[in-house]
There are 2 protein chains.
Amino acid sequence: MELSERKKRILTAVVENYIATAEPVGSKALAETIGCSSATIRNEMSELTGMGYLEQPHTSAGRVPSPAGYRLYVNELMERQKVTEAEAAAINEKLSQRERQLEQLMSDVGQLTSSMTQYPAYALTMKPPAAVKRFDFIYVDQNTFIVVVLLTDNTVKNKLVHLPFSVHQEQVTTLSTLFNANFTGLTDGEITDQLIRSTERAAGDTYGLVAVVASFTIECLTSAKTAPMGVAGASQLLSQPEYRDPDKAHALMNFISNGDRLVSDIAKMGMERDGLRVTIGPENLAEELKDSSVVMASYDAGDGMRGYIGVVGPTRMDYSSVAAKLSYIAAGLSRLLAGPDAPAGLNNKLVLKERDDHEQ
Amino acid sequence: MELSERKKRILTAVVENYIATAEPVGSKALAETIGCSSATIRNEMSELTGMGYLEQPHTSAGRVPSPAGYRLYVNELMERQKVTEAEAAAINEKLSQRERQLEQLMSDVGQLTSSMTQYPAYALTMKPPAAVKRFDFIYVDQNTFIVVVLLTDNTVKNKLVHLPFSVHQEQVTTLSTLFNANFTGLTDGEITDQLIRSTERAAGDTYGLVAVVASFTIECLTSAKTAPMGVAGASQLLSQPEYRDPDKAHALMNFISNGDRLVSDIAKMGMERDGLRVTIGPENLAEELKDSSVVMASYDAGDGMRGYIGVVGPTRMDYSSVAAKLSYIAAGLSRLLAGPDAPAGLNNKLVLKERDDHEQ
DNA sequence: GATTAGCACTCGGAAGATAAGAGTGCTAGC
DNA sequence: GCTAGCACTCTTATCTTCCGAGTGCTAATC
């Protein structure tokens, strides 16, 4: 059933008033805004309460939006805000700062999001499982060489190996051939103990080094598939009146700081078409979030990777402004990581960017 | 002036009682423990108050240790606890887990320390400025090469460079020669625009790539000298009664999360001879910490680097147990990073460890 | 029929009052 | 020098009282 125009205006006013003040909204307060008497508004609010969009903390208090009320607000009533010039500038400036590893970037973006929205925020990028594209071995001196691993997702990992005995340049070359022949194209699960042992047998007098390199390879592949994640601003919760109770705040902060649960819930729930998703109170899967809301935006991280930034706050969250900011940041990240001038993803884009900086 | 034996016992009892309960300690509660009547204890406590070791929240309440009281307790009275078998095992297990980058290690150690002590914790390693020892360029394909940089502190950094035009193997080799000749041995401040420009002139047709690699080099050197740091468990504060007030908790959490200030204060204050330092309430430099205490331990991170782990909590902190745990963890880190079988520091040690694992 | 003014009623929260209890300081006796 | 006893202090918990914001309903008005 469709609500009358006036009911919509009243619901909107209640939600926005409550978002701003955290106090239940009374009929008198709305009389002027809506343009009719408080009695009329009381009648309307009474009906909205009956329909489940508003709630009364107690019989003689104003009204507060219910989760359904927030949902309606978010879906239909709220005005799609845009970020201000100043905010956009601040975001762009942050994002364009010097080149960064993905881990570092996630941590920075988490902080940026949190400071822009004033809510705790997280940022993460999901990665597909990777394999090794090629191995390189750099002979440094007779006790030292460096292993460089190029992965299918175009990340490069390295390791300095320092030995208590000496090796020759040729031995390192042999090792290189061996690994490029046997270990490329495999995901972490496919590197079996058996494969390592058979490689050791083939390695001749460098057999002792095979395990070291293989283990490093597995380490690379494992870390390549886990989502780098940044969480920031958990303490922001404490400035919200709904978390004045330290026990509540503690429980929620623990949940947020331990990002794993957030990640798995993201995987379970899809995204809306516009790359934005709002889950309100009881809509959240995690028990810890049943009294809170999450606003999340996704971005294209290039190379088929998808990333997510999100914000956690009370159900009385400023959805309109938060959604606008998240969308803007997400768009910026997409541009940064997978924009038209960055066809090969993170690494490439950053290189080109850097060159631009220096060619100015 | 030296305190009588009984005064010491009373002060110790007050401190430990208050640490355990967070309630002011009355004379009656101590009568049994000390072995004399409450009146006697009242007299003694009255004198201890006069000397500044105890305080009274109000005239008809028990006593609470003053900062001076805690100080005396920490310096002379407190029993040097040892960690239990179980705790030691847990710490060792955590520390011995798979190889890690220093950043990752700091973050893990911060978490470990926080979970062992139940207080917010941080971990960081100070690094001296580094220079590049050698450059290696790996030619991948005509649009791609990898730069590998070995630093004087034995860390290795790399970067995949993807080009919108093609290069030859020889051009990359030229670049390698050029960089090894001009950029090794320099710290970040010593790489000037002038040097970059003169290298560009010498680079012939690869001049366009010099800026990219030089900028990456600076990036490496900068990140090599900033202290990697892990902060964890800030939300633990909320379980302490002295931070039930959300505003206090918020202020302190903000301070902790933003680790920079902590780092600079560490630099200002030295360490005690045993690698442990306790700063109580007003002894702290930072205004935000005037009502809190910090326990800190340092460790040897190899290669002349020094690291610090620390814990922040109320002045009513369990100094004895926290100090024991920090010392143990710090010792473990020293062993891990600079132990006798790890003369070349972090990288080496981890390699050897890993080999052991696999040779079993 | 929708809107509004008026009014009695409800209920939560603030302010004040009272009571209980923990702990002190002091004095006098051992 | 220690202890028992006692009057006194001050906080905290609990209970009352009171105020006012806000409601729901009814009757009058547009």
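1. Let's start with two helices of chain B: α8(B), residues 193–202, and α9(B), residues 207–225, pack at an angle of about 145° with their axes 8 Å apart. Here helices (H or I, at least four residues) and strands (E, at least two) are DSSP runs numbered from the N terminus. Axes are lines fitted to C-alpha atoms, for helices over the stretch in contact, and angles run from 0 to 180 degrees between N-to-C directions. The model is a predicted one, in which local features need pLDDT of at least 70 and side-chain atom pairs count only at pLDDT 80 or more, while totals for chains, interfaces and linings use all residues. Residues are numbered from 1 along each chain as its sequence is written, with chains lettered from A and ligands numbered from 1 in the order in which they are written.

2. Which residues meet in this helix pair? On the α8(B) side they are B:I196, B:T199 and B:E200, and on the α9(B) side B:Y207, B:V210, B:A211 and B:A214 (contact: C-beta atoms, placed from the backbone, within 7 Å). By class, five are nonpolar, one is polar and one is charged (Ala, Val, Leu, Ile, Met, Phe, Trp, Tyr, Cys and Pro count as nonpolar, Asp, Glu, Lys and Arg as charged, and the others, Gly among them, as polar).

3. Two or more residues each come from α3 (38–51) of chain A and from α2 (27–34) and α3 (38–51) of chain B. The largest share, four residues, belongs to α3(B). This surface has six nonpolar, eleven polar and three charged residues.

4. Chain A has an open sheet of three strands in the order β4-β5-β6, paired antiparallel (strands pair if DSSP finds at least two bridges between them). Its edge strands are β4 (132–141) and β6 (156–162), and the twist averages 15° from one strand to the next. Seven bridges join β5(A) to β6(A), and A:I146 stands opposite A:L160 in β6(A).

5. Two helices meet this sheet. Helix α7(A), residues 169–182, touches β4 and β5 of chain A, whereas α9(A), residues 207–225, lies across β4, β5 and β6 at about 35° to β5(A).

6. Finally, is A:V149 buried or exposed? This residue of β5(A) is buried because 27 other C-beta atoms lie within 10 Å (buried: 20 or more; exposed: 12 or fewer; partly exposed: in between; C-beta atoms placed from the backbone). Its contacts beyond four places in sequence include A:F135, A:K157 and A:C220.
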